[in-house]
Each structure stands twice: as C-alpha cells, then as structure tokens.
Amino acid sequence: MKIEFVLNGKEVSAETDPRRSLLRVLREDFCLTGTKEGCGKGECGACTVLLDGEPVNSCIIPAGQAAGKTVLTIEGLSRGNRLHPIQAAFIEEGAVQCGFCIPGMVLSAKSLLDKQNDPSIKDIKKAISGNICRCTGYTKIIQAVKKAAGKLAGKKR
Amino acid sequence: MEIVGKSLPRKDALDKVTGRARFIDDYTRKDLLHASTVRSPKPHIRIISVDKKEALSLPGVFGVYTHKDIPGDNRVPFVFQDYPFLAEKDALFAGQPIALVAADSRERAQEAASKVKIKYEELPALFDPLEALKPESRKIYGKDNIFRSYRIRKGNINKGFDEADVIVGRTYTTNYQVHGYLEPQGMLAEPGNEGSVVVYGSMQCPFYVLDAVAAVLGIPQSRVRIVQATTGGAFGGKEDVPSIVAGHAALLAYLTKRPVKLIYSREEDFQSMSKRHPGWVNIRYGARRDGKITACQVKYVLDGGAFSTLSPIVLWRGTVHSAGPYDIPNVFVDSYAVATHKVPSGAYRGFGQPQVSFANESLIDELASELGMDPLDLRLKNAVKTGSSTITGQTVGESCGLTEVMTKVAKKGFWKKSWSQPEKKKGTVRRGIGMASSIYGVALGAEGQFLEKSTAHVQIYKDGSVTVAVGNTEMGQGAKTVLSQIASEALGINFEKVDVIESDTTRIPDSGPTVASRTTVMCGNAILDGCRILRERIDPVARELLGIRFREKMKTSQGFFVSEKNPKKKIAVEEVIKKCYSRRVPMSVQGFFRVEGTTFDRETGLGDAYFAYTFSTMLAEVEVNTGTGEVTVLRLVSGHDIGKVVNPQLAEGQIQGGAVQGLGYGLLENLVMEKGIILNPNFTGYIMPTSMDVPDEIEPVIAEYGCKVGPYGAKGLGEPPLICAAPALANAIFNATGIRVRDLPVIPEKIVLEELRKK
Amino acid sequence: MSREYFRVSSAEEIWPVVRNNPGIKIYYPAGGTDIYVNYRENLLKKPNIWIDISAVRGWEKITEEEKNISIGPLVTFAQLEDDPLVIKWAPALASAAGRVGAPQIRNRGTIGGNVCNSSPAGDSIPPLTVLGATLQLRLADRTRAVKISSFFTGPKKNILENGEVLEKILIPKDSFNLQAFEKMGSRKALSISKVSVAVAGKIEKGIVRDIRIACGSVGPTVMRAEKAESLLRGKKLDGEIIDQAAQYIAGEVCPIDDFRSLAKYRCQAAGSLFKTAVGEV
C-alpha cells in the first residue's frame, strides 16, 4: 500500500505493508534511526514520535494510520547544527546518560512545551510519565524541561 | 584545579540529543542476515533431537545451527567454564540457547526459530536454593550444588553474644532484579579479512567479548576485533552475558560468511539474560544497652541459577559487606552461592550488596526498636571511622566520611524533627522517615586482584589535541567525560581538545572490566601515569621556550604554560607541542596502574579486602495509604563520601539514577517466576519506576574525604547510590505504619495483608 | 496485503467490505493499543481482516443531545480527559481517562476500543457502568441499543457479533452530584489497574438518595457492588456507614490471584478505594 504523509516537514510516501509498525518504517525505509525500539509493546516510550503534534508510541502504530498525518521524529527537531532549546537544555542540565530514552523524552517534552509556557513540576512529570528512563532517576530531565520552558519563553518575548 | 571538579558538559551528549548516536540496531549492512535463537522451553530437559526440516523449508532462511557447528570451544569463558554457547545433551534452564537461525529478515528468523522442533524428555527440576543446599537434593552443579562458599571468622562470636544485653535475629528475602536497560542486548558480527571476525555491539567489557569470540571460533585472539557501539544502559547486565550474544553472532557470521545481526526482543532478554541474584539472609545482631554492637552473625544464600557465571564473585562482595558499615569486634559469616534450574543470575549494580544490605540495615532498625533508640543514634554509635576495624579486620584509613555523610543527610532530611515512633501515628494515610547506611569497597578487591590493572594510551597530536584510549567503556555513566577531564587537567590541555576514543579492541589496551565502580580510579590512574611521562618530556621544552629555569615554578592554566612568578610569561600549549614534534620528542605513551596489597584469607575471611571504601547514607520520607498499601516516596536524600568529585553534575546523575533503581528494587520490581518460567517477562508486568513514582528531586549530598590511591583523591560511585534505597524505604514504611516487611519488593499487597494479619 | 487491510473514511464504507469477507474474523483497529499489541504477539484469530476505522468521519465527536451525551467510538482518552461536556456530565469518566496509561497511550487509546476489548481492567468501563451508559451497535443495516450492563459476558468477551461495530456511546444526563473514579495500578503511571472503583450518587442534605458502585479488575467482568449500594441507599453518608459499605464491597467482589496481584488484596483495596472515592481519606 502507498502511504503518504508529512515527515519532518517534508511530504513523503512509503510503499509497504500497512500493518508494519510506523517505527520500523521510519527506521528501515527512511533510515531515521533516532527513534528507538525498547520493548515493542508501547510500554517504555523509547519509540515516541509526534503524530499531528501529539506524542505516541510508534512501535504499536500500523504505518497505514500515518496516512495524511504529520510525523515529527528527533531528527526533525534540530536544524543542521542548531539545536532546539529543549536539546540544548538537556545537555546543559546533565539530563543525558546512556541516551536511549532521550529522543522519545525530548519529543514528549516538546509536545508539553508547545502547549504550556510555564509547566509546573507536576505537569512535567505527567508529560514524561510514558517515557521510562533507567539511568537518570528523572531529576535532571525534569530540570532540563523546566529550563527549556524558560528558554522558549525568552525566545517568544 | 581548573578541570577536575567542574561540571563540564558530557562529551557524547550532542549525538544523543540529536538522535545521531548509533546503537547497535542502528547499524546495517547491504547483505545483512538476521539471527534468532531457539531456546529450551522447560527448566530441565534431556535433548533427544533437534529437527530443522520445517524451519529450513521456510523462505528466506539461510540455515539452522547447533553446537555441532561450533568450530572452537563450546564453553563460554566465564569464571568457571560450565556454560555452553549452545546446549548439547541437556538444558538446565528455561530459555537456555539450543540452536540458532539465520534468515534474511528478523521476522523470518523468528518464525523459523519457532518452527525448529526440539524433541526432549522433561526431567525433574530444582528451584529453591535452600532445598538445593540439602544433602539429599538433586545435584545440578558438583557434589553439593554450591558454586562457591565463603566464611568470615572475626573474633569470638559466642563471647560477643554473651556480652550483649539485647539480641535480635531475623530472616530477610529479596527477589530478582532485572536490569531493564532500555536498549536490549544486541550484536552485529561480520567476517573480516584473512579469517578474522569483527563484532560490534552493546557491551561493558569488550575484552571479555573478545575472549568469547576467539574461543567459540577457535581462532587466535589477534584475529578478533570487538567494537563497542553506543550502549543504551548496562548496570552489570552487559558485563558477561554479551559474550553469549556475541559468540552466537560471530558463529553465524563465520558459518554463513555474511554479516549477521542479532538483537534480542525484550521478552527474550528477560527470559535468558542475567539478573540480580535472589537472596536469603538470616542475620543476628547483639548489642549492649547503650547501643554498642558486640556481635553479628550472618548466613547468606544467593540463588545462582543454572550456571555459575559471576556467582562466586558476587557472593564474595556480599559476604565482606554483610554486617554493614559498623565497627563490630565479633562477626561470623557463612555464605553460599547455589545452583538451581533457573536463568543464571549475575552482575547488577551493587553486586551482592543490595540483598544483604536490605537485611542488615532493616535489622539495625529492628535492633533500635528493641533498644528504644533512635536508629540514627544507633548508627552513629557504631559507624566505622578512621582507625576502626572492618568486618574483615582491615583498619579503616583516613578516607572515611561516614559520620559526616550520616549527619549531613539526617540534617537535610529533618530527621530529628520528623522522626517519631510509629505507634504515635494515626489515620489511613501516614508519613514516616527511614534511613540506611553502607560501606562499599571500591574496585575488584582482594579476590579480584588478578584482574586489577589498567593500561591507558595517551597520544598528543601535532595541533595539541589529545586522544586517550582505555579498555573501560562508556555506558551512560560518563566515563568518557570524567577520564577526559583527568587527562585534560594532568596535561594542561583544554578539555575541548581531549577525547577518549571509541572502544575498539584493536585500538585500546585492556584495562580490566568496566565494573565494580573502578573506572575512575583504575583508568584515571593509568591516564595520570601516562600524562606524567608526557609532561616529563614536554615541560623542559616549555621552560626552554619561556626562558624559565629549572627551579622556577611553572604551571598550566587555560591552555597555556605560565610562569608562576611572572604570569605575563606564558606560551600556548600548542606551540610547545609543535616544538616537541619538530624535536622528535615521542608524543604518545602508555600509562599503567596496578593495585598491590589487598589480601583475603579464605580460611578466616580476614584481610585488607579493598584499597579504598565509599561510604553512603540514604534518608527516605514516605507517605503510606494503609488501606490500599500505596506508597508515595516524598523525599530521597542520598549522601556519599566519594573522595573527590571529578564532575559534580555527572556524580549527581549517578546518585539520582542509582537511587531510583534502588526505589524500584525496594517497592515495585517483582519478577514472578513459577517452576522456572517467568510469568511477566516484559515491561507491562515487570514494573520499573516512571517519573510519577519518584520524588520531584533526588537530593544528593557529597562529602570528599580524599583517598590516597585515587586520582586527585577520587573513589568510586557507580554502585553505592543503589544500595541503601530498599532498606531506607522499608524502614520508612515501618516508621509510618508499624508494619515491617522483610521480603522485597515491598509491594502494596504485602503491606495490606500484614495490616490485616495484625488486626 | 491490501486484501487483508482496508482503510475506510466513512461508516458506510465498512459494510461492503464486511459483506465481501464472510466467515473471516473482522478486527476494527482504532488506536491499535490493544489490537496491534496482540497482532505483534501472534494472538489474533486467523484468518482475519483489518478494517481500519480510525479515519471514519464523525466518530471522533462528543455532542450534547437532549437527554444524553453522545460519545463517538474514536474519542481518545486524551479527549475525554479535557472535554467540557464529559467533565460536566461524566466527571468519573474524565477522571478515569486521565489515569489510563500515559500520554502516548491516552493519545491513541479510544473509548470504543476500551469497551470492545472488554478487559476486566478497562478503565472506562466502571464509570460507564455507574452512569448507566447505552451502547449503540451496528451490523450493516441492523442497529441495536444495548445497556452496558448487558454487554460483557466474560474476560475479553462481549455480545458483539463478527463484523458488528460500536458506533456510539450514550450517557444519560443525570443529576449525580457525587462522581468519582479511583484505581490502584502497579505504579503511579503507565499501569493496568489491579483494582478500580467508580461511584455515582445523588446525595441530598447528607442522605444517599441513589448510589451506584462499580468495581473493575475484581471479577470476570465489571461488578456492581449491589449489597453495598442497598446498604447505603436512604442512609446518612457518614464515616461509619462508609466503613461498613467498604467491608461489604470487599466481601462482594470475587477477584483472582494472578502475577499482578492477590485476590485478598484486591478485595481489601476495592473497599479502601471506595472510601477514597467518597472522600473519606
């Protein structure tokens, strides 16, 4: 089946079994390996992408359902060498350790910050509650998202 | 110091936040084959035959292979050689690998694997390590099912208990803990030139993997190249078992003459890979009325599973830490690592200490209750200090900040203000605080001395940039960054120009395994050794160029050599390096570090077990709903004396990450195994902490009692942050509710059912 | 490939596909959080076809009718959590929706999928039960309205015929002034319920005029705690009667032991969750 959608700002099309997972299509057909497979069942969030702006587990989405939608992966977030403020904040706050959860985590954070200018710690924890991190204990990730909120608010002014 | 002690940004963060960092499943090849593993369905079987016919008939299947296809040695080179790469006549645990499939896609390989028919006879199996210890039990290993046993005989135990006014003794048990590294195990192997093989993959110890690949293929180690890919979490789970995964991948690459990728599914990883040993601890403390502990007796049993793997060493570490961080004159310990028909247990952050720590630190609180003492005061009274004698009779040196750590953590957690007896608390929802402390021997210790060495290569390029090559690996803990900082400080070259290279066994020296919180000390010291030699060559050239005489003091600062007397006299390091090059001064060097002097007598259990110790204390504040058993962790304050902090931000990251893994171990993570089969081999059923399960902030407290042996005084931090969490939480839950749970994890079911029993 | 997977953008397009595939198991993936996971684990009945209804126009809406709130089967948990009509008339459902899984699951999981998957642990089910929801089912030209209390027949079993689809959920606009949902998962997010309790009641001047209590994960299907309801009706809602009702609930439910939890715990916790739900904790 031909599946047409917008991927990281570009119109693309994939020719594939619509029941292949969106994750596999992104990683194998489009060679975008930034999105990761941690469990294959939607239980860890490592495969998080933004589908029409909302975080979803791409490992349990049939590619056929991407038709007509916009998909944003981690590769779509930075422009060349210019980092998105969330990415910069993650580096500055020491929120990165092994890195496997990070692409999904950053996208979940982006979705929150697209909607809320000044999220509380509680809001941040809820927004990333579907992204498991085994390395950081979450403290510095929460601090990074808070910092990123500040950076983005600064940009808007 | 300009570099060491600063929170410089980690070297690999940019690649990781952009998704550019390449983990093993991100690698591909044009002619790639995919592998899948056929595993034993039952815990103990005699293998009658392996029928490949149907599997081979499926489209896209290249081949199905068994132990018969192994050209080299079928034994994985672990501590003992009892674990086969592929089962031969029998299988000893459900999930043990029996055959391998290579096919043109992952799905086809998995489908073919499911069609390989194992004809077997099911045999009786043994699951309880205490049963396995009985003389009449079925034998899985040797004559007594004991992989290893240890004993400690310090002082006179009967005298010790006679002197006690109060004696408490209890039994504590702990369940498996699964590493839950977010990236499953994976390897990609491909034939190299002239009969060599290259294996890329997720791993902690490339030289262990090298040993295994050379062994299974029967080729010289010089023809094996192992390259560590960015590794998505390990925590000990990728210390030894990657040797199996790599051996399998390499075998298939050798047999098919094609590149082969082997990535485990999450379920497969759960079923077959190592885990924290389940523990059984019976422990007694005797103390005088004033709280001075006079005696401690421990029996400690670890459930090793079907093969020995790392059980002997895990047992040793647990044994020599089993009485807690206290100065106790009389300590008797008997410990056993036992064989059962289950998946082999192995290394996991803490390595035998978390189990026994849960026991001894819970019992300290139970002792405090008996004595009517505040548990903090009881701990302070017995805490080891400089000059104290450890459990193995070692005299504690200058680098001991336990009392300061205990006091600081207690103060930060408002202990004195908040602590009150559980009987005084009312209502369905109650709050409580608890604490636990630990001592942690840094690096491999006396029993691991034969591995305790490190080599580092340091190379300065013509433009003054530097590469450092060590055998220890980055797995998220920040090793690349910390070691770069150490080299940068020692050479006086800017941090941005110093890098640790990729872990490729053809380019890095063996510096021992990346385990036991040893990397900063061992590799750091080897790097310092190398840098010292380089500076001996570079400094005279710098002095000459600056016109500074030998006795005048010169230092490095911000990338310059500077005269201390006259700071305007300075020259860029790059200029000096250029000159060194033109004078043919050798600019690359090998540094080395080795530890001497650790001892351990197997008869008495006494000796100088480790060259340095990290001391820790954790305070937990919880809120417990006694109606539902739900525990909310309000605060975790985690303090550690680590000698010298090289990178505060990275150190905090270790403290926070370890605390949350410990929280999972203590409250949530419950692997359910029935007759050797795991019922919840996935993240749906095995519950790890999410962001909503932890306090908003894990609060680190750091003390720096510099250690003579460590680079700049640094000790080790990888493991200590996990160890105190479970007992601190169990103690806090008791403080909130009066309910004492002696079996991990402390899930709501146990709290509620215990509460019902009381009524 | 395209013989087994069909994507439709209107309800009418479904029926020709159904007619052309007699005798084959029909799956209607919406969000896919249950069906797709089962597909990956090889648990789907074979042979099967997928009719992907995730793009059916109109099924993603929540509208107000004279006597009911009408919820389309494609409405996601994320939508339910924030929708003003749901918050006004069915706050127990909004509360439950906000506690399902985690954001990624709430953005995809649909109320239709949750009901039709019919897991005893489905979080939308106890609230829909206490609110007396009606399910409108359709198979080609035949529609039938079924009360939710008659829909479930066992764990993951219901009265749907092969090819029949849930096209609407109707919640009566009733005047409950007490609505709540509480659940115990294995952790505070991303967790299937071990026990859950939904309550809807009319309390006037402290007296219980009407009360409905439904418990999830404590039986083969959702269970109404009828004995506790009878006890409470007409009584003053105070601490003592709430304690008694909690004990009744603990006695009425009949859960099992499984790898997630123990029956005895589930009974106790159901009673305790009820107390939280009515504000006693």
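P47(C) sits in the loop between α2 (35-40) and β3 (48-52) of chain C, where helices (H or I, at least four residues) and strands (E, at least two) are DSSP runs numbered from the N terminus. The peptide bond running from K46(C) to P47(C) is cis, with omega near -5 degrees. A cis bond also turns up in chain B, joining L744(B) and P745(B) with omega about -5 degrees. P745(B) has its place in the loop between α19 (725-737) and α20 (748-758) of chain B. Most residues other than glycine have a negative phi, and most peptide bonds are trans. This is a predicted model, so local features need pLDDT of at least 70 and side-chain atom pairs count only at pLDDT 80 or more, while totals for chains, interfaces and linings use all residues. Residues are numbered from 1 along each chain as its sequence is written, and chains are lettered from A and ligands numbered from 1 in the order in which they are written.

F351(B), though not a glycine, has a positive phi of about 50 degrees; F351(B) is in the loop between β15 (330-339) and α10 of chain B. F351(B) is buried, with 27 other C-beta atoms within 10 Å. Buried here means 20 or more other C-beta atoms within 10 Å of a residue's own, exposed means 12 or fewer, and partly exposed is in between, with C-beta atoms placed from the backbone. A443(B), another residue other than glycine, has a positive phi near 75 degrees and lies in the loop between β16 (429-441) and β17 (453-460) of chain B. A443(B) is buried too, with 27 other C-beta atoms within 10 Å.

Next comes the sheet that β8(B) belongs to. Five strands of chain B make an open sheet in the order β7-β15-β14-β13-β8, with mixed pairing; two strands count as paired if DSSP finds at least two bridges between them. At the edges are β7 (146-154) and β8 (166-174) of chain B, each pairing on one side only. From one strand to the next, the twist averages 5 degrees. β8(B) runs antiparallel to β13 (279-287) of chain B, and 9 bridges join the two. I167(B), for instance, has G286(B) as its bridge partner in β13(B). Helix α10 (353-371) of chain B packs on the sheet, touching β8, β13 and β14 (293-305) of chain B, and its direction makes about 145 degrees with that of β8(B). For such angles, axes are lines fitted to C-alpha atoms (for helices, over the stretch in contact), and values run from 0 to 180 degrees between N-to-C directions.

The largest nonpolar core holds 398 residues, of which V101(B), V213(B), A249(B), L729(B) and I733(B) touch the most other members. Such a core is a set of buried Ala, Val, Leu, Ile, Met, Phe, Trp, Tyr and Cys residues joined through C-beta atoms within 7 Å. Helix α15 (519-546) of chain B gives the most to this core, 11 residues. Leaving out residues up to four places away in sequence, I733(B) touches G432(B), V622(B), V624(B), V631(B), I739(B), V741(B), V746(B) and I751(B); contact means C-beta atoms, placed from the backbone, within 7 Å.

On to the domains, whose bounds come from an automatic or database domain assignment. Chain B is assigned domain 1 (18-123 + 185-263), domain 2 (279-446 + 601-758) and domain 3 (453-594). The centres of domains 2 and 3 of chain B, taken over C-alpha atoms, are 38 Å apart, and 18 residues of domain 2 of chain B are in contact with 16 of domain 3 of chain B. In chain C, the assignment gives domain 1 (5-52), domain 2 (62-172) and domain 3 (178-277). Between domains 2 and 3 of chain C, 20 Å separate the centres, again taken over C-alpha atoms.

As for the chains themselves, 41 residues of chain A are in contact with 44 residues of chain B. The largest share of chain A's side, 4 residues, comes from α2(A). That side divides into 19 nonpolar, 13 polar and 9 charged residues, with Ala, Val, Leu, Ile, Met, Phe, Trp, Tyr, Cys and Pro counted as nonpolar, Asp, Glu, Lys and Arg as charged, and the others, Gly among them, as polar.

Conventions:
Two residues are in contact if their C-beta atoms, placed from the backbone, lie within 7 Å.
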